[in-house]
Amino acid sequence: ESKKQLIKENIRAYNDFPKPGIVFRDVFSILQNPELFSILRELLTFSAKSFEVKPDVIVGLDSRGFLFATLVALDLQVPFVPIRKKGKLPGPTKAASYTLEYGTDALEISTDAIGKGQNALIIDDLLGTGGTLQTACNLVKEVGGNISGCLLVIELKELNGKSKINYPVQSLVQY
Ligand code: 5GP
């Protein structure tokens with residue numbers, strides 16, 4: 001818990017970014033300090049191992065989710081699979097559009113990235129309204145995967161994103 005507190009204290013907040021009224025929580029402030037980044041990695045991997053259904057693959061969300069999902073995939077020695085913004089992935093893909101805290105976007109996954117019935121743990125930096133994560137869950141299911149759960153560095157409690165997700169969700173720090 002003291003490690004989580006340390007991470008929370010060191011995530012810098014920017015007011016009115018990228019739009020007036022938005023408080024942007026910048027996880028890159030943790031990556032600037034290797035000691036804090038190591039602690040964050042340890043916390044994420046520990047949480048990833050605690051899901052009841054053990055993940056066969058780690059899914060990272062474009063783009064900050066990649067920073068954390070790849071570390072956890074290596075620590076667990078399981079494959080890393082990216083979900084990307086539409087138009088970035090080669091080969092056959094499935095896409096879905098969604099609304100986020102500011103604006104709309106579309107996400108895409110490779111149709112052959114996850115084996116039928118494989119258990120996926122989805123990792124991103126932040127849970128806001130939950131639209132991004134919900135879309136990612138739908139895409140994993142669409143290509144035949146199961147969902148072990150979702151893991152976030154940050155959860156913005158007042159946006160109630162967890163209510164959109166019908167799978168176990170863990171976050172390390174909450175605001
Ligand atoms: P949601 O779809 O849950 O509303 O928004 C989550 C997505 O938006 C995440 O992929 C996250 O990277 C991005 N996002 C929204 N607000 C913030 C923020 O304050 N800080 C960071 N780092 N990402 C944010």
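**Close-up 1. Surroundings of V72 in the predicted model**. Apart from neighbours within four places in sequence, V72 is in contact with L44, T45, A48, I58 and I123. V72 is also named, together with V59, I122, I123, A136 and V140, among the residues of the largest nonpolar core that touch the most other members.

**Close-up 2. The largest nonpolar core**. This core comprises 41 residues. At least two of its residues come from each of the helices α3 (34-49), α4 (64-76) and α5 (131-142), and likewise from each of the strands β3 (57-61), β4 (80-85), β6 (104-110), β7 (119-127) and β8 (146-155). In soluble globular proteins, nonpolar side chains tend to be buried together.

**Close-up 3. Crossing of α3 and α4**. The two helix axes come within 9 Å and cross at roughly 60 degrees; α3 and α4 are therefore oblique to each other. The crossing is right-handed. On the α3 side the contact involves R41, L44, T45 and A48, which meet F68, L71, V72, D75 and L76 of α4. By class, the residues of this contact are 6 nonpolar, 1 polar and 2 charged.

**Close-up 4. Crossing of α1 and α3**. Helix α1 spans residues 2-10, and its axis comes within 10 Å of that of α3, with a crossing angle of roughly 130 degrees. This angle makes α1 oblique to α3. The crossing of α1 and α3 is left-handed. Helix α1 contributes K3, K4, L6, I7 and N10 to the contact, while α3 contributes L36, I39, L40 and L43. The contact of α1 with α3 contains 6 nonpolar, 1 polar and 2 charged residues.

Conventions. Residues numbered from 1 in each chain as written. Predicted model: local features only at pLDDT ≥ 70, side-chain atom pairs only at ≥ 80, totals over all residues. Core = buried A, V, L, I, M, F, W, Y, C linked by C-beta atoms within 7 Å. Buried ≥ 20, exposed ≤ 12 C-beta atoms within 10 Å, placed from the backbone. Helix = DSSP H or I, 4+ residues; strand = E, 2+ residues; numbered from the N terminus. Contact = placed C-beta atoms within 7 Å. Axes fitted to C-alpha atoms, helices over the stretch in contact; angles between N-to-C directions. Parallel < 35°, antiparallel > 145°, perpendicular 65-115°, else oblique. Left-handed = near helix turned anticlockwise from the far one by under 90°. Nonpolar A, V, L, I, M, F, W, Y, C, P; charged D, E, K, R; others polar.
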